[in-house]
Amino acid sequence: MRSRECSVRVGPYSAQCKDLRPRRPELAWLTEESNQFGTDEFIHWCRLLNAEPFICLNMGTGTLEDALGWLEYCNSSANTHYANLRRANGHPEPYGVKYWALGNEMWGPWQVGQLSAEDYTKKAFQWAKALRLLDPSIKLISCGETGFSDWDRVTLKTLAPVVDFHSLHLYTLSQNNHDINVMGPAAAEKGIEITKSLIELAKIEAGVERDVGVCFDEWNVWDPVRAPGEKGAEEHYDLSDAIAVASWLNVFIRKADIVKIACIAQSVNVISPIITSPKGLFKQTTYYPLKLFSNLMQGIALDIHISFSEAEEGDDDDEDANFYTGPTVPPFIAHLAAHTPPSARPTRWIDVSAVLAPSSNASNNNNNDNNNDSNTREIRIAIVNRHKSLSFDVPILFGPEAKVKAQVTVHEVWSPELGDRNGWEGEKVGVEERRGVQWDGVWGCKAHSFQVLVFELA
């Protein structure tokens, strides 16, 4: 019986028979899959991190029967085969995995089992129906592309009424050009805006009111020329990449009305903010904007409006003082910028997002019954100066009912050279924190820098 249990096609092997797990060819990356890290190990790892599991179903070489078996193994409390297999493997209670993706990048020619948008939509619709019959509580994610692809239009027209999220993937690249690097996230912002409109259109046509959000579950800076995927995609990021990542994260805050999940790809070693080896680890430059956004940019996303003083007539030196006017990747960023009002132009050098959050001081003291600051709130502004050499004095105005104190806490990511990197020999790029900085209404943004400014409401 143990031997048969350890050879099922769906569902993991128990820890006691990991040596019997079959090694299989891994065709996506032309390597081998050892299956030593299976479902049980993954769920255990997520629990250690206090993270929510997210499982992507194999819609290429996998079957609907496989998918239903996997869902049953994870979530069912019934007296059925895969639920009982989970119990036999030492896990009596269901895992309760909430998020299930309907395939990964099924539009890609590198996928075994690549589908057209029409064929994927038909298949995903039936899978969604069957999966919800087994567990109506799950959240389903349809497989999207970039948001500015016709794949997204075709799939959302049918799937928006039956899923909870639509997945988008995009990687920006530098081509060894800082300006191209930091302007790339504007493509993601446009993709999100288009996807929001496509979701709204699909809901209107179907007459449904259920919420459907964007799940941006693969994003990052990745230049496959300098870090080829077939060689492990081990990027060694510099300060320019950290500035680009900060711009990415600003996009997600600004679009928080529709973006409900955003996952950097990947976490460790492969295009990652953390590099490990048997001797230890180091934090890449991109680690620090992620850390600041994760810890500080929570709460309620605020609307922002950016205005610019116009250059004096005939002053050619100031023509691009506020905006980048060169080539972009993809090219449509520059094309759209040429016809967009200055306040919404995606190629502005100063890039900003903001949130309203409980005071960090109040959060630290919330166990004190005598704490008078428990209702204190903060406005936190993430501000990126993407220009390689120019600093800017930026006036910051708050709404008429927002009065802030005269001192600000500053968290800054900066280094003298755009090419500065971290490594085994040490870190050149990190976070400098300064408290009690006097502020007179204008903030000086040094060149190629990122700051989170924390203003406590008076």
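The notes go from the sheets to the spaces and then to single residues.

**Ground rules**

I am working on a predicted model, where local features need pLDDT of at least 70 and side-chain atom pairs count only at pLDDT 80 or more, while totals for chains, interfaces and linings use all residues. Residues are numbered from 1 along each chain as its sequence is written, and side-chain values use heavy atoms, with hydrogens and water left out.

My helices (H or I, at least four residues) and strands (E, at least two) are DSSP runs, numbered from the N terminus. I call two strands paired if DSSP finds at least two bridges between them.

**Entry 1: the antiparallel sheet**

I looked up the strand order first. An open sheet of 6 strands runs S11-S12-S13-S20-S15-S18, with antiparallel pairing. Strand S11 (300-301) and strand S18 (432-438) are at the edges; each has a single partner strand, so one side of each lacks a neighbour in the sheet.

Next I checked the bridges. S13 (residues 377-385) and S20 (residues 449-457) are joined by 8 bridges. Within this sheet, Val384 has Phe450 of S20 as its bridge partner. S20 also runs antiparallel to S15, with 7 bridges. There Thr409 is opposite Val454. S15 pairs with S18 over 5 bridges, and Val408 faces Val437 of S18.

How much of S15 is buried? I found 7 of its 10 residues buried, where buried means under 20% relative accessible area, exposed means over 50% and partly exposed lies in between (1.4 Å probe, protein chains only).

**Entry 2: the parallel sheet**

I found an open sheet with parallel pairing too: 6 strands in the order S3-S4-S5-S6-S7-S8. Its edge strands, S3 (54-56) and S8 (259-264), each pair on one side only. From one strand to the next, the twist averages 25°. Axes are lines fitted to C-alpha atoms, for helices over the stretch in contact, and angles run from 0 to 180 degrees between N-to-C directions.

S5 (residues 139-142) pairs with S6 (residues 165-172) over 2 bridges. Ser142 is opposite His166 of S6. On this sheet, H9 packs against S6, S7 (213-221) and S8, and its direction makes about 175° with that of S7. Contact here means heavy atoms within 4.5 Å. Helix H3 (residues 64-75) lies across S3 and S4 (99-101), at about 170° to S4.

**Entry 3: helix H8**

I compared the span of H8 (residues 185-206) with expectation. Its 22 residues reach 32 Å from first C-alpha to last, close to the expected 32 Å. The expected span is 1.5 Å times one less than the number of residues. Its buried residues include Ile192, Thr195, Leu198, Ile199 and Ala202. Just after H8, Gly207 has a positive phi of about 70°.

**Entry 4: spaces**

I used a 1 Å grid over the protein atoms alone: a cavity is a set of points where a 1.4 Å probe fits but cannot get out, a pocket is an open set with protein on both sides within 12 Å along at least five of seven lines, and lining residues have an atom within 4 Å of a point. Grid points are joined across faces, edges and corners, and a volume is the space filled by probe spheres set on the points.

The second largest pocket holds about 790 Å³. It has 26 lining residues, and the closest to its centre are His305, Ile306, Pro395, Ile396 and Leu397. S12, S13 and S14 (392-395) each give two or more residues to that lining.

How many cavities of 30 Å³ or more are there? I count 1. The largest cavity has about 60 Å³ of space. Its lining includes Pro185, Glu189, Ser247, Arg254 and Asp351. H8 and H9 each supply at least two lining residues.

I logged two cis peptide bonds. One runs from Ala265 to Gln266, with omega near 0°; Gln266 lies in the loop between S8 and S9 (274-277). Another joins Val329 and Pro330.

Ala233 has phi near 50° and is buried, at 3% relative accessible area. His448 has phi of about 40° and counts as buried at 7%.
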